[in-house]
Amino acid sequence: MIATAPEQRAVGRDPAALRIIDTDLHHQLTNWEEVAPFADPNFRHRIVKRGGPAMARHGYKPVGAPFGTAPRPPSGAHPASDPAWVKEHYLERYGVDLAILTAQPQMLAIGVQPNPDFAAAIASAYNDWTLHRWLKPYDCFKGSILVAPQDPLKAAAEIDRLGDEPGFVQVLMGSAGEVPFGRRHFHPIYEACVRHGLPLALHIGGEGAGTSMPPTAVGYPSTYYEYYVSLPQSYMAHIMSMITEGVFQKFPGLKVVLYEGGIFWVPHVMWRFDKNWKAQRAETPWVVRPPSEYILRHFYHTTYPLERAPQAKYLHQVLEMIDAPRTLLFSGNFPHWEFGSPFDMAQELPVGLHRRVFVESALEVYGERLLKPNA
Amino acid sequence: MGRHVVATVDEIPPGGRKIVKVERREVGIFNLDGRFYALKNVCPHQGARVCLGKVSGTTLPSGVYEFRYGLQGRILRCPWHGWEYDITTGQSVFDPAVRVVTYPVIVEDGKISVVIP
């Protein structure tokens, strides 16, 4: 049962009583009229429109059932559009005590919209809507401050505007971008994250839309599933960029959560990176530790979807390589269960890891804010 | 084992080096501003003849986006994979535990000796 009784709200939750923390719930805004009170008056006419603001999308669409076996309301409404319904039919049904909201797919392309000011205005309105519609009424939901990094100073200002609002527990950017995220003009965003004690979350999905680079390093794939399989390339490039450009030297407290990228590629990056650093570190003399140390210390990964290895022992080896008891977080990806149930997927993890993945690591990454009331 | 005369001081000018063979191993003798150092000619990475590498400096640990080039003449760069070593200690610049074997050097009467333990 979700702790929403007044006396529990006042003192916060008991971490020992938590069963599952879901770090990735894609809440959905379906009626953009709801955003009207929060939209910048100068952009309101472009944001509050039937179907939402005109935003650049990519052309990749899954065939088949996008929601898989996720619970769906009989009304035919979007499964993640009504917080009360999501609480009852997803959280309570599956024993999820806390879920971090990570916005709808369209919003994950906010960082590759051509107009930086319009993108920032959409993100701000969306954040306020999330706060008032989902977070203030429900302590079981936690929020992500969505930012558009095209104008990093505006993004930092948005983090400052909402960073002390107790319902928000992280900053969210799409992983699609115009350049790798280590570049120095992005650093004010990371500085703002650290200033407010907020992890930075990156989520795939905007790749190939708007002003993004092509979704793969060699260009545009033809099909959705080719597109989807290739997406960890974004994370590889961002990790290398953020480390070589000294982001973690400048902001040693910064944590980065990578959503929906899997884990098997991580050891490859760690050790290829270390090997070349030994010979070529002179190019980046501020990178004073082997890159794999920064990766293990600063980056976190999520369970949906885990790669499906043909033998369990392969998965167990990779879990050991990435220090999964510390670095792996449960993600439900509700309601986008196109690759199966997130709970079935997590059952492939060794039992000894479950408590770490379902609860403890998330508490370490997000800290006290997770346990406190939103309002 | 023991002490071996391997060169005269005049043979190796400052900045120069000489590769010698002592007790079935190759040793590089380096002259850094009048001080002599002896390194085994084996890179701890994959066994390359490291003492044939370029002698240079390197960028010192620094703040982000700062470049401070230093240790000119003191860094030996392996010709195979570019790992850099401090000639005075044999230690790599990225991990002091990764090091080229070094030997004590004695200079007496214009003659250079290395001591093989």
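Let's start where the two chains meet: 17 residues of chain B touch 17 residues of chain A. Keep in mind as you look around that this is a predicted model.

How much area gets buried between chain B and chain A? It comes to about 1400 Å², and carbon and sulfur atoms give 62% of that. On the chain B side, three residues lose the most area to chain A: Val64(B), Tyr65(B) and Phe94(B).

Which side chains meet in a salt bridge here? Glu84(B) pairs up with Arg281(A), with 3.5 Å from N to O. The rule finds one salt bridge across the interface of chain B and chain A. Why does this pair count? The cut-off is 4 Å between a side-chain nitrogen of Lys or Arg and a carboxyl oxygen of Asp or Glu, so Glu84(B) and Arg281(A), at 3.5 Å, qualify. Besides that, there are five residue pairs in polar contact between chain B and chain A, counting pairs with both residues at pLDDT 80 or more. If you sort the chain B residues that touch chain A by class, you get eight nonpolar, six polar and three charged.

Next, the pockets. Rolling a probe the size of a water molecule over the atoms shows where empty space is left.

| Pocket | Volume | Lining by class |
|---|---|---|
| Largest pocket | about 600 Å³ | 13 nonpolar, 10 polar and four charged residues |
| Second largest pocket | about 440 Å³ | 11 nonpolar, four polar and five charged residues |

Take the largest pocket to begin with. Its lining is made of 27 residues, and those nearest its centre are Arg57(A), Pro105(A), Tyr224(A), His336(A) and Glu338(A). Which element gives the largest share of this lining? That would be helix 7 of chain A, residues 224-230, with three residues.

Then there's the second largest pocket, with a volume of about 440 Å³. It is lined by 20 residues, and the closest to its centre are Tyr228(A), Pro305(A), Leu306(A), Glu307(A) and Arg308(A). Two elements of chain A give two or more residues to this lining: helix 7 and helix 14 (342-346). Helix 7 of chain A gives the largest share, three residues.

Note on methods: Residues are numbered from 1 along each chain as its sequence is written. Chains are lettered from A and ligands numbered from 1 in the order in which they are written. This is a predicted model: local features need pLDDT of at least 70, side-chain atom pairs count only at pLDDT 80 or more; totals for chains, interfaces and linings use all residues. Side-chain values use heavy atoms; hydrogens and water are left out. Contact means heavy atoms within 4.5 Å. Buried area is the accessible area (1.4 Å probe) that two parts lose on being put together, summed over both. A polar contact is a pair of N or O atoms within 3.5 Å; within protein, one must be able to donate a hydrogen and the other to accept it, and residues adjacent in sequence count only if both atoms are side-chain atoms. Ala, Val, Leu, Ile, Met, Phe, Trp, Tyr, Cys and Pro count as nonpolar, Asp, Glu, Lys and Arg as charged, and the others, Gly among them, as polar. On a 1 Å grid over the protein atoms alone, a cavity is a set of points where a 1.4 Å probe fits but cannot get out, and a pocket is an open set with protein on both sides within 12 Å along at least five of seven lines; lining residues have an atom within 4 Å of a point. Grid points are joined across faces, edges and corners, and a volume is the space filled by probe spheres set on the points. Helices (H or I, at least four residues) and strands (E, at least two) are DSSP runs, numbered from the N terminus.
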